[in-house]
Amino acid sequence: MGGASINFSPIGQGNLSVAAELLREGFPKHQGEFWERSLKSVFAYSDAWGLGSPGHVMHVDGEPVGVLLTIGRRTADGPKIVNLSSWYVRPKFRWLAPRMLMRATSDPSTTYTDLTASEEAAKLNKLLGFRTITETVAYLILPMTAFATRPGTRVVPVSARSMARLDPADRTMLEFHAQLDCICAVLEDEAGSSPLIFTRTSRRGVPFARLIYARDRGVAQAARGAIARFLMLRGLFLLCLFVNRGEPIPSGWFGGGSPVQVKGEWNDGRIDAAYSELAFLGL
């Protein structure tokens with residue numbers, strides 16, 4: 001393999017089917033046209049927002065052997081953020097995985113995140129300079145959590161009135177995620193108004209909401225009662241949160257979720273999986 005020719009092709013209209021086949025091979029849980037639909041959606045978003053290719057396919061001697069899906073975004077007050085979503089390298093060529101990831105995370109002006117890293121990927125990420133922000137997830141039982149109160153705090157649906165106190169970037173973010181069928185809301189408390197974004201997902205047939213954006217993780221946890229009441233009105237009775245082990249989890253339990261890892265500039269107190277595979281792919 002020493003003389004092998006290795007190259008990387010950006011994911012585009014010409015190789016969406018190749019990328020989808022590799023992802024289907026690596027993630028057999030998602031069959032049918034799941035990956036074709038997902039890649040078309042992410043590609044359309046990246047193209048419309050001028051973000052470039054949403055990933056690449058790795059070839060060895062012309063044979064496609066690996067794929068990495070990256071979903072980028074630009075922020076109003078910080079660096080470009082690129083999320084490493086789903087990646088797979090065929091077993092024979094697994095030794096090339098670090099090279100693929102290193103190439104994809106080499107821009108010092110970009111912040112990189114990984115929200116759904118496997119145990120193997122998390123180890124590779126650490127070698128590439130990633131740090132862990134939260135270690136796992138917790139599940140809150142909403143009917144029990146709903147009894148928690150915090151004076152002056154409420155969670156309200158998105159509307160022209162509730163978004164009036166948000167800045168334009170936050171309004172754009174909520175409007176965009178509402179189009180992805182996310183549950184979007186505004187948290188109102190004594191400090192003002194801030195956006196909240198939840199996705200609907202399920203495990204073993206049990207539906208639940210996952211909090212994927214909150215400006216301050218501590219504030220969101222303190223407002224858990226108001227959040228619970230808001231979500232229960234929408235037919236949901238479990239909430240998944242990114243947490244660290246050892247944190248108090250009233251009315252809930254720790255799950256076996258992946259760590260959230262980051263390389264680059266980041267606000268560690270924020271929950272921020274906006275514009276990620278959790279929103280686009282419903283993972």
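How do the residues of the lining of the second largest cavity divide into nonpolar, polar and charged? I count six nonpolar, three polar and two charged. For these classes, Ala, Val, Leu, Ile, Met, Phe, Trp, Tyr, Cys and Pro are nonpolar, Asp, Glu, Lys and Arg are charged, and the others, Gly among them, are polar.

A note on the source: this is a predicted model, where local features need pLDDT of at least 70 and side-chain atom pairs count only at pLDDT 80 or more, while totals for chains, interfaces and linings use all residues. Residues are numbered from 1 along each chain as its sequence is written, and side-chain values use heavy atoms, with hydrogens and water left out.

**Entry: cavities**

On a 1 Å grid over the protein atoms alone, a cavity is a set of points where a 1.4 Å probe fits but cannot get out; a pocket is an open set with protein on both sides within 12 Å along at least five of seven lines; lining residues have an atom within 4 Å of a point. Grid points are joined across faces, edges and corners, and a volume is the space filled by probe spheres set on the points.

The second largest cavity has a volume of about 60 Å³. Among the residues that line this cavity I noted Ile-71, Arg-73, Asn-83, Leu-115, Asp-272 and Tyr-275. Strands β3 (63-73) and β4 (80-89) are the elements that give two or more residues to this lining. Helices (H or I, at least four residues) and strands (E, at least two) are DSSP runs, numbered from the N terminus.

The largest cavity holds about 110 Å³. Its lining has 14 residues, and Ile-133, Val-260, Arg-270, Ile-271 and Asp-272 are the closest to its centre. I see at least two lining residues from each of β6 (131-134), β14 (260-263) and β15 (271-272). By class, that lining has eight nonpolar, two polar and four charged residues.

Next I turned to the open spaces. The largest pocket has a volume of about 920 Å³. It is lined by 32 residues, with Phe-27, Thr-116, Ala-117, Ser-118 and Ser-258 closest to its centre. Which element gives the largest share of this lining? That is β4, with four residues. I sorted the lining into 13 nonpolar, 13 polar and six charged residues.

The second largest pocket holds about 580 Å³. Of its 22 lining residues, Thr-75, Ala-76, Asp-77, Tyr-213 and Arg-270 lie nearest its centre. Helix α6 (residues 168-179) gives the most to this lining, four residues. The classes here are nine nonpolar, four polar and nine charged.

**Entry: a helix pair**

Last, I checked helix α1 (residues 16-26) against helix α2 (residues 34-48): their axes come within 9 Å and cross at roughly 130°. That makes α1 oblique to α2. Axes are lines fitted to C-alpha atoms, for helices over the stretch in contact, and angles run from 0 to 180 degrees between N-to-C directions. Angles under 35 degrees count as roughly parallel, over 145 as roughly antiparallel, 65 to 115 as roughly perpendicular and the rest as oblique.
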